[in-house]
Amino acid sequence: MAEVCVIGAGSSGIAAAQVLQARGIDFDCYEAGSQVGGNWRYLNDNGMSSAYRSLHINTSTRQMEYASYPMPPGLPAYPNHFQIARYFDDFVDHFGLRDKIAFRTEVTAVVPKDGAYDVTIKADGEERTLRYRSVIVANGHHWDPREPEFPGEFTGERVHSHYYKTFDPYVGKRVVVLGIGNSACDIAVELSRVADRTFLAMRRSAHVLPKFLFGIPTDHLTTSPLARGPLWLQRLSMQAMLALTRGSVTKYGLPAPDHKVLAAHPTVSDDILTRVGHGDVTVKPNIAQFDGSTVVFTDGSREEVDAVIYCTGYRITFPFLADDVMATADNEVELYHRVVPVDRPGLYFLGLIQPLGAIMPLAEAQAHWIADLIEGTATLPPAAEMRREIHRYRERMRRRYVASKRHTIEVDFQEYLADLKRLRRMLPSSNSTGAGS
């Protein structure tokens, strides 16, 4: 029986591969596409990448890099996806991981069996099943688009941002972009330079963070250890910095947010407020209904448009896991410290988080904890204690964030990193549930 199966060779999967190899833990890694990089591989042939041609990261290199492999000098503070994909290639080649990854191999089923897992893989049209003691799920959570439903019929094009790649199809057209997250702002800004009209519709407004504050990448300030004070202090500091550098978003033309700073996942953009302020992007409330080629908004206004682009997030799904193994209704996942399901020893979820900061270093830290659990150098508490932690996490999320399927897996970068370090110090004890068994 093999030791560990890693599902996916995106940014989290390759982090797991590096840690497992460094520990001498035998593993197989399966990737549906032909290259590493997952979401950051533009036009990835696994069909799961949401990257568009003009995409740049919105967390800076210093915050995004793996601890085991710093990003090369000379990169800009916010590289594009081609540069990030090249970094992942270099990471894999530096650690000699490429031969450990089975490319063009899809995992179609993971079934608990006799204290282990039967993993069915499909390659070249043929399926076979292998047994593993542990499975690390690293298939990402930005690939299964969630689209809203509105009454009425629309004769124009409707598409989710997952499928948006370039501005070319929208030149000279009238387009509604629905959303106020990072993708919505990036796409609206880009289209505003080529479309006849660009409308940015939203259910609620947002506090918009710039990529730089005082000439420093903003996430150096918001995710540094100095920012680990109580939430009220973090909010006060951020409000002061935004007031000093930008002022209220209402001055540019966005509605006033109905929530406090840091009560929603941050929207990071240096351009959207300027484009709105210039009148190149017209702000609208949420869509109410469709009427032929007309979009009707909740304020009663109507616009003739050619296309609607939904920037409305993603469903968390695991097509290879049955619901009784891992349920994901309403994007809720029950995981101890966002990694471990209570009743499935040996099953782990890597990178299934939405941090205020970058995922990569946190996934790397998660991988070290998982390796500790597999080796038995760390342990899990009793099931009841794990469930209490999951309940406390959910209650904390409900108190802090606006109600949204977007806010079910949020973590604070520094706080969560400290949690993972503490968990690695939990030594095996006789009353533990064990792991990887």
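A: A word on terms before we start: helices (H or I, at least four residues) and strands (E, at least two) are DSSP runs, numbered from the N terminus. This is a predicted model, in which local features need pLDDT of at least 70 and side-chain atom pairs count only at pLDDT 80 or more, while totals for chains, interfaces and linings use all residues. Residues are numbered from 1 along each chain as its sequence is written, and side-chain values use heavy atoms, with hydrogens and water left out.

Q: Fine. Where is Gly 229, then?
A: Gly 229 lies in the loop between helix 5 (218-222) and helix 6 (231-245).

Q: Is Gly 229 buried or exposed, or something in between?
A: Gly 229 has a relative accessible area of 24% and is therefore partly exposed; buried means under 20% relative accessible area, exposed over 50%, and partly exposed in between, with a 1.4 Å probe and protein chains only. From C-alpha to C-alpha, Gly 229 and Glu 332 are 28 Å apart in space, and they are 103 residues apart in sequence.

Q: Switching to the sheets: what is the strand order in the open sheet of 5 strands?
A: The order is 7-18-8-9-14, and the pairing is parallel; two strands pair if DSSP finds at least two bridges between them. Strand 7 (157-160) and strand 14 (282-285) are the edge strands, each pairing on one side only. From one strand to the next, the twist averages 25°, where axes are lines fitted to C-alpha atoms, for helices over the stretch in contact, and angles run from 0 to 180 degrees between N-to-C directions.

Q: How many bridges does strand 8 make to strand 9 and to strand 18?
A: Strand 8 is joined to strand 9 (residues 197-202) by 5 bridges, and to strand 18 (residues 307-310) by 4 bridges, with the strands running parallel in both cases. Val 177 has Leu 200 as its bridge partner in strand 9, whereas the partner of Val 176 in strand 18 is Val 308.

Q: What does the chain do between strand 8 and strand 9?
A: The chain passes from strand 8 through helix 4 (residues 182-191) to strand 9, in a β-α-β crossover that is right-handed; that term applies if, with the strands pointing away from the viewer, the path from the first strand over the helix to the second runs clockwise.

Q: What about the 15-16-17 sheet?
A: That is an open sheet of 3 strands with antiparallel pairing. Strand 15 (287-291) and strand 17 (302-304) are at its edges, each with a single partner strand, so one side of each is left without a neighbour in the sheet. Strand 15 and strand 16 (residues 294-297) are joined by 4 bridges, and the bridge partner of Phe 290 is Val 295 in strand 16.

Q: Now the helices. How do helix 1 and helix 8 pack?
A: Helix 1 (residues 11-23) and helix 8 (residues 360-375) pack at an angle of about 40°, with their axes 9 Å apart. They are therefore oblique to each other, given that angles under 35 degrees count as roughly parallel, over 145 as roughly antiparallel, 65 to 115 as roughly perpendicular and the rest as oblique.

Q: Which hand does that crossing of helix 1 and helix 8 have, and what about helix 1 with helix 3?
A: Helix 1 passes helix 8 in a right-handed crossing, whereas the crossing of helix 1 and helix 3 is left-handed; a crossing is left-handed if the near helix is turned anticlockwise from the far one by less than a right angle, and right-handed if clockwise. Helix 1 and helix 3 (residues 81-94) pack at about 15° with their axes 10 Å apart, and are therefore roughly parallel to each other. Ser 11, Ile 14, Ala 15 and Gln 18 of helix 1 meet Phe 88, Phe 91 and Val 92 of helix 3.

Q: Last one: what is Trp 143 in contact with?
A: Leaving aside neighbours within four places in sequence, Trp 143 is in contact with Met 48, His 162, Tyr 314, Thr 317 and Pro 319. Trp 143 is found in the loop between strand 6 (126-137) and strand 7, and counts as buried because its relative accessibility is 18%.

Note on methods: Contact = heavy atoms within 4.5 Å.
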